[in-house]
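The following report describes a protein model for a reader who works with coordinates.

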Amino acid sequence: MTDTLALAGSLADPLGDGDLLAAIDLGSNSFHMVVARYTLGQLRVVDRLRETVRLGEGLDGKGGLRAEVRQRALECLSRFGQRIGDIPPQRIRALATNAVRQLAAPQAFLVPAENALGHAIEVISGREEARLIYLGVAHAQPPKPTHRRLVIDIGGGSTECIIGSGFDAIERESLQVGCISTTRRFFGNGKLSRKRWREALAEVSAEFQQFAAAYRDLGWQEALGASGTNKAIGQICAAMKLTKGAVTAEALPQVRDQLLAADRIDAVDLPGLSAERRPVIAGGLLVLEAAFRTLGLERMAVSKAAMREGVLYDMLGRGGEDDPRETSIAALTLRYGIDAAQAARVEQTAVRLFDQVARAWQLGADDLLMLGWAARLHELGLTIAHSQYHVHGGYVLEHSDISGFSRQEQQFLAALVRTHRRKVPKSAFDALPERLLPAARRLSVLLRLAVLLNRGQEVQAIPTLEARADGDLLVLRVERRWLEARPLLSTDLQGEPADIAALDIELRIEAA
């Protein structure tokens with residue numbers, strides 16, 4: 001464990017026997033919440049809430065959200081918020097998926113949504129959603145050690161396909177096809193026909209064909225379907241006495257034929273189909289038929305778990321040795337050939353500064369982890385070019401798929417790397433929600449100082465390094481003799497207060 005992880009662990013409130021955790025999934029079709037109790041090292045679900053919100057139904061095609069759907073979502077989140085009111089915030093994660101990813105101005109929805117819920121909401125990428133789905137399914141139905149399994153999750157706005165082994169996702173893909181989006185795209189007028197179905201099936205199958213060959217080459221021993229669409233189709237198969245709840249290549253065409261016996265969606269009459277699922281079942285069934293066709297599936301069992309369960313198990317690993325973000329940072333370090341010795345020097349100095357100002361600046365364990373990771377990755381952009389390498393590094397971190405990180409976490413990390421040198425632009429933190437700005441600005445100045453103080457890449461530790469914070473004032477005290485022996489560093493430090501003006505932090509350098 002690195003020094004940063006060890007210190008973060010000491011700052012964090014350790015999970016105790018009997019503690020409650022909550023995971024909230026803001027899906028494009030339904031909002032889900034699961035509450036679990038941590039008992040004897042295990043998670044035991046004590047409550048589940050689900051509401052059909054159909055957030056994806058409110059998207060207007062221009063990145064906006066219809067007012068009535070927005071209100072429906074806020075009312076649901078307000079009810080969820082009542083249930084988690086007594087759970088500490090560090091034991092709660094609320095994640096938004098495809099519908100929020102499609103918004104042109106997500107903060108216009110997220111700010112009132114967070115107020116309604118009473119908790120921060122993170123937006124995650126499709127591939128991160130896929131990882132969490134697999135984690136939930138794997139824990140609910142533990143796989144055989146040597147087997148690979150395919151997991152397909154058809155949501156409201158997207159479909160995730162994962163091949164995994166054990167508890168690790170090997171391949172992850174996210175497609176922009178889901179039960180709501182596909183129903184709206186091909187059957188938006190409410191009419192059904194075999195001709196239109198064939199045309200739609202060809203288009204959706206083409207989406208799967210992008211990775212189907214690679215998936216088939218890798219192979220799997222079993223296939224599992226997660227979330228509401230797959231559960232609903234499994235129930236229909238059972239009600240039609242085609243299977244005992246699984247979905248098979250023989251059963252799917254019979255379900256499709258019975259669905260198409262109705263000429264309109266509102267006239268669909270399938271055994272075992274709920275009224276709330278009827279408006280979106282056509283799109284979901286179409287996506288599943290395309291998956292069976294292109295991936296060559298014969299049988300798919302239905303899982304009891306989905307992303308929300310994966311979020312709970314992911315929370316157990318966060319901040320410790322099993323934090324998936326730590327693995328991702330290590331992989332980025334190797335991929336971009338970062339100087340590990342220099343990164344370690346910068347990290348150690350940054351942690352040293354953090355430890356002295358954390359209380360005054362109200363910085364916590366998550367902030368320390370972000371600072372440590374930014375220190376390790378601050379030179380990432382050098383692989384691209386030395387000129388403006390901080391800009392290149394920030395861009396890579398913001399726009400890559402980094403396992404374990406939400407979009408806000410990536411934007412936070414990218415902003416720290418982007419601002420670790422040169423003059424800080426006023427727009428550097430525009431992508432971050434308001435609640436993260438104070439910590440981001442304060443961590444930025446700590447990282448900048450750590451980088452400056454280690455510019456000479458000296459092996460010896462800095463002899464005197466004292467930091468004191470009071471509101472927006474930061475005082476840095478270094479040994480005069482040590483500083484005078486480094487005129488370039490002295491010049492850099494003199495110019496630093498002007499370079500960080502956009503951070504709204506007053507920096508004073510004292511030599512003693």
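Which residues touch the most other members of the largest nonpolar core?

## Basis of the description

This is a predicted model, in which local features need pLDDT of at least 70 and side-chain atom pairs count only at pLDDT 80 or more, whereas totals for chains, interfaces and linings use all residues. Residues are numbered from 1 along each chain as its sequence is written, and side-chain values use heavy atoms, with hydrogens and water left out.

## Nonpolar cores

In the largest nonpolar core, which has 69 residues, Leu446 and Leu474 touch the most other members. The largest share of this core, twelve residues, is supplied by helix α17, residues 437-453. A second, separate core has 48 residues, among them Phe211, Ile236, Leu273 and Leu295. A nonpolar core here is a set of buried Ala, Val, Leu, Ile, Met, Phe, Trp, Tyr and Cys residues joined through side-chain atoms within 4.5 Å; buried means under 20% relative accessible area, exposed means over 50%, and partly exposed lies in between, with a 1.4 Å probe and protein chains only. In soluble globular proteins, nonpolar side chains tend to be buried together.

When neighbours within four places in sequence are left aside, the contacts of Leu474 (heavy atoms within 4.5 Å) include Val357, Trp361, Val445, Leu446 and Leu449. Leu474 is also in contact with Ile505, Glu506, Leu507 and Arg508.

## The chain as a whole

The protein chain has 19 helices and 14 strands, where helices (H or I, at least four residues) and strands (E, at least two) are DSSP runs numbered from the N terminus. Its C-alpha atoms fill a box of roughly 85 × 45 × 45 Å along the principal axes. The radius of gyration is 25 Å, which agrees with the value near 24 Å that a compact globule of 512 residues would have; the radius is taken over C-alpha atoms, and the globule rule is 2.2 Å times the number of residues to the power 0.38.

Of the 512 residues, 55% count as buried, and among contacts between residues at least 6 apart in sequence, 71% join residues at least 24 apart. The chain exposes about 21900 Å², of which carbon and sulfur atoms supply 47%, with accessible areas taken from the Shrake-Rupley method with a 1.4 Å probe. The mean positions of the 63 positive and 63 negative charges are 4 Å apart; Lys and Arg count as positive and Asp and Glu as negative, without His and the chain ends, and each charge is placed at NZ of Lys, CZ of Arg, CG of Asp or CD of Glu.

## Buried residues in helices and a loop

Ser444 lies in helix α17 and is buried, with a relative accessible area of 0%. Not counting residues up to four places away in sequence, Ser444 touches Leu416, Thr419, Phe429 and Leu503; Leu416 is 28 residues away in sequence and 5.3 Å away in space, C-alpha to C-alpha.

Arg131, found in helix α5 (residues 126-140), counts as buried at 11% relative accessibility. Beyond four places in sequence, Arg131 is in contact with Arg172, Asp314, Pro324, Ser403 and Gly404, and the C-alpha atoms of Arg131 and Arg172 are 7.0 Å apart although 41 residues separate them in sequence. Val268, in the loop between α9 (251-260) and α10 (281-295), is buried at 3% relative accessible area, and its contacts beyond four places in sequence include Leu192, Leu259 and Leu273.

## Positive phi angles and a strand residue

Most residues other than glycine have a negative phi. Arg54 has a phi near 55° and is found in the loop between β3 and α2 (67-83), but at 11% relative accessibility Arg54 counts as buried.

Arg508 lies in strand β14, residues 506-511, and is partly exposed, with a relative accessible area of 42%. Leaving aside neighbours within four places in sequence, Arg508 is in contact with Leu473, Leu474, Val475 and Leu476, while its C-alpha atom is 70 Å from that of Gly272, a residue 236 places away in sequence.
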